[in-house]
Structures are given as structure tokens and as C-alpha cells.
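Thanks for coming, everyone. Please take a look at the structure on the screen, and then I'll walk you through it.

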Amino acid sequence: MEVSSRYALAAAFIAIVCAIPVWFHASEAPTRDECRDPDAFFLAKRVGGAQMRDIRRRFEAGDAKGELRTSTRNRVRVHAFRTHETFKLYGSPMSFGFDSMSYLVPRETRQIEAGDDLLPVHWSTYEMDGRVHLEAWVFAQGGKPVRHPLAAWVPLAWKQLFDGTQPLTVMIASAVGRPGEMAQLGEATEGWFASSWEQLRAACDS
């Protein structure tokens, strides 16, 4: 398609203006974090009631693992992290979870209330050798829970293009127990997501 010479100058100007933020993003890879105090969450000894035992910097924006006691003899293992490399999570957080099989079997999405927010938690369970394996995870970006990292891309695209990529937060919980224990483990897992999200919001809004 050719541009009329009458509008050639205007078209060239618009192209240059639009190219500036694209070039800046490609060359500088800017990042932006609107959370005021992420360390208050990721360096906390307890997150959502779970005792955090493995606090490290595998991810540049925050990373911690821990365990949550339950009313059964089993515990819920938890992992919370944030990264600006959101493309690594477009498939699923399987590489960063606890049980790879959980990401390969059919799963459901549970809406878990957390204060004023609804968390679209991906919920996976399967049974093997008389034990039920549970793994659940949720994404958040731009201060809001999202069903999938790509779901946040459209509303945040223009803002991130100019201001920098915002980190994607991922929270994962995993538990294994006998079929008769899954109600308690499921309840503990849902409670951890709700409490952790409110704790994260408090840290970011402080």
C-alpha cells in the first residue's frame, strides 16, 4: 500500500513517534513495579499463615517457599514469586511448581474470595496409589488477579510499553493426602490463597 505524497510527511512523523517507545523497550527492557513494599511480603517469615523456610532470589522481583500446617497430619507446600519475564509463564508454572503431573491432567478454575477480590485459582487434582494430589495456582499482574498472563497483556499493553513491564506474581499451593483428608486440605489451600493475597495487597498498598 502506498501513502499519498500529500500525507507522506504526516505518516512519517507518526511512524517515528510510534517507533520511539518500541525502540526504547527493545533496547532498554525497562521494568516498573507499582507495589510499594514487595519485600514486606516476600521476605516475611509467615505468608498467609505458612511458615516460609526458603527465601531466595531465584526471581529478581521476589521468591519464597514454605509450608502450611493443616488439621491433618499433612502440610500444604507453598511457593510465591514474581518475575518480569512473564513469557516463561505463558504455558503454565509447571517448571516452578511441586508436582509436574498436576499440570498435565484436566483442571478446573475456582473463584476464591479474598477481601474485595475474586481469585481465579487453577485447581488440579488426581489420584494415584490411594493418594490424592492437589496443586493450585493463581496469577496476578498490575495489582489484579488474572486468569492467565496473556489476559493481563491487553489492558496493560499500552501502559507497559511506555512505563515498563510490570512483574507477574504467581502463587502456588500443593498437598498430598488420603481421599478422606482432601476436604480439609482443600479448605486450607483456599484459605492460604485468600490470606496471602490480602497480605500481598497490604504490602503493596502500604
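**One disulfide, and what surrounds it**

Searching the whole structure turns up 1 disulfide. By that I mean two cysteine sulfur atoms within 2.5 Å. Before the details, two notes on the ground rules. This is a predicted model, where local features need pLDDT of at least 70, side-chain atom pairs count only at pLDDT 80 or more, and totals for chains, interfaces and linings use all residues. Residues are numbered from 1 along each chain as its sequence is written, and side-chain values use heavy atoms, with hydrogens and water left out.

Back to the disulfide. Which residues does it join? Cys35 and Cys204, with 2.0 Å from S to S. The torsion about the S-S bond of Cys35 and Cys204 is about -90°, so this disulfide is left-handed. Cys35 sits in the loop between helix H1 (8-28) and helix H2 (39-42), and Cys204 sits in helix H4, so the pair ties together parts that are 169 residues apart in sequence. Both Cys35 and Cys204 are buried. Buried means under 20% relative accessible area, exposed means over 50%, and partly exposed is in between, with a 1.4 Å probe and protein chains only.

Now the overall layout. The protein has 4 helices and 9 strands. Helices (H or I, at least four residues) and strands (E, at least two) are DSSP runs, numbered from the N terminus. From the N terminus on, the order is α-α-β-β-β-β-β-β-β-β-α-β-α. Of the 206 residues in the protein, 44% are buried. Next, contacts, meaning heavy atoms within 4.5 Å. Among contacts with a separation of 6 or more, residues 24 or more positions apart account for 59%.

On to the inside. In soluble globular proteins, nonpolar side chains tend to be buried together. I'll call a set of buried Ala, Val, Leu, Ile, Met, Phe, Trp, Tyr and Cys residues a nonpolar core if they are joined through side-chain atoms within 4.5 Å. The largest nonpolar core here has 35 residues. Those with the most contacts inside it are Phe41, Val76, Leu119, Val121, Met171, Trp192 and Phe193. Which element gives the largest share of this core? Helix H4 (residues 182-205), with 10 residues. A second, separate core has 10 residues, including Phe81, Trp137, Phe139 and Val146.

Take Val76 for a closer look. Leaving aside neighbours within four places in sequence, Val76 is in contact with residues including Gly66, Leu68, Ala173, Leu185 and Thr189.

Next, the aromatic rings. The whole structure has 4 aromatic pairs. Rings of Phe, Tyr and Trp (its six-membered ring) pair if their centres lie within 6.5 Å; planes under 30 degrees apart count as stacked, over 60 as edge-to-face, and the rest as tilted. Let's take two of these pairs. Phe81 and Phe96 have ring centres 5.4 Å apart and planes at 55°, so that pair is tilted. Phe81 is in strand S4 (residues 75-83), while Phe96 is in the loop between S4 and strand S5 (108-114), 15 residues apart. Phe81 is buried, at 0% relative accessible area. Phe96 also counts as buried, at 10%.

Trp192 and Phe193 make an edge-to-face pair, 5.2 Å centre to centre with 65° between the planes. Trp192 is buried, at 0% relative accessibility. Phe193 is buried too, at 0%.

Last topic: charges. How many salt bridges does the search of the whole structure find? It finds 6. A salt bridge is a side-chain nitrogen of Lys or Arg within 4 Å of a carboxyl oxygen of Asp or Glu.

Arg110 meets Glu108 in a salt bridge at 3.4 Å, N to O. Arg110 also meets Glu190, at 2.9 Å, N to O. Together, Glu108, Arg110 and Glu190 are linked in a network of salt bridges. Arg110 is partly exposed, at 27% relative accessibility. Glu108 is partly exposed as well, at 40%.

One more bridge: Arg201 and Asp117, at 2.7 Å, N to O. Arg201 lies in helix H4 and Asp117 in strand S6 (residues 117-128), so the pair ties together parts that are 84 residues apart in sequence. That's my tour; over to you.
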